[in-house]
Amino acid sequence: MKQPKLLIVELYPSLFQPEGDHGNAVTLQHRAVRRGVDASLIVVHPGDDVPEADIYVLGGSADLDLATCAARIRTSGVLTKAVDNGSAVFGAGAGFCVLANSFVDVQGRKQLGAGVLDVVIESGGQASGTVVTLPSTTLPLPAMSGYEFHTGRAIRAAGVQPLATLEMGEGDGPSGAATDGAVSDHVVGTWLHGPALVRNRELADVLLAWALPDLPLDALPDDELSEAVRAKRIAEARSKG
């Protein structure tokens, strides 16, 4: 049987303030390789050509260069073409902003995003701290753990679903009605750092399933350990909440 191949591209990490989100791309590669996939990871820096890939990953906190990153992606059309061809895209934190139609930069100016998610990111108060989500009713996701650090609030267009409803955290709304992120087609945007895919392997597997529909996504031998660690983090958050 021919070994399936997967190419993961992390886009322009040097244009974001780091939040550990490189781990998202590493996690995707790790879980794919463990399942017998010939998975490669390429980090694309400014000036590099952007290859056609199966999964694109962006992440970090907002920086002065965020508008430059968004402009590069928008003018090249690389992510729009990729989504049309069935690729998966994941953006965390500032990466979520880049995927949107527009966002507000660190100087308070409205900037055009890549337009891959039909979302507008407006400016709001500082949201920071622990996040615990409720299990998803639209994706195979349990309660997830992470942290948020952002001032943006996502306004989703009709038909664009949130990634999750929050048990703890601010996300995109007031306490008691807070949601996080957006999902449309094979594109996910979220405020969750941690990084999100390291803490929540089910979300990584959703992206892998989109990119490789024929790949069996049975549990890996160390999944029980990762679930136990996440459960501990959630319990700690609830005890302090």
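The model is predicted, so local features need pLDDT of at least 70 and side-chain atom pairs pLDDT 80 or more, while totals for chains, interfaces and linings use all residues. Residues are numbered from 1 along each chain as its sequence is written, and side-chain values use heavy atoms, without hydrogens and water.

Serine 61 sits in the loop between β3 and α2 (helices are DSSP runs of H or I with at least four residues, strands runs of E with at least two, numbered from the N terminus). Show glutamate 19 next: its side chain makes a polar contact of 2.6 Å with the side chain of serine 61 (a pair of N or O atoms within 3.5 Å, one able to donate a hydrogen and the other to accept it).

Now select helix α2, residues 66-76, where Leu66, Cys69, Ala70 and Ile73 are buried. They cover an arc of only 95° around the axis, which puts them on the same side of α2 (the arc is that of the directions from the helix axis to the C-beta atoms). Following α2 is glycine 77, with a positive phi near 70°.

Centre on Ile73. Ile73 and Leu79 touch the most other members of the largest nonpolar core, which has 36 residues (a core is a set of buried Ala, Val, Leu, Ile, Met, Phe, Trp, Tyr and Cys residues joined through side-chain atoms within 4.5 Å). The largest share of this core, five residues, comes from α4. Apart from it lies another core, of 34 residues, including Leu6 and Val188.

Conventions. Buried means under 20% relative accessible area, exposed over 50%, partly exposed in between (1.4 Å probe, protein chains only).
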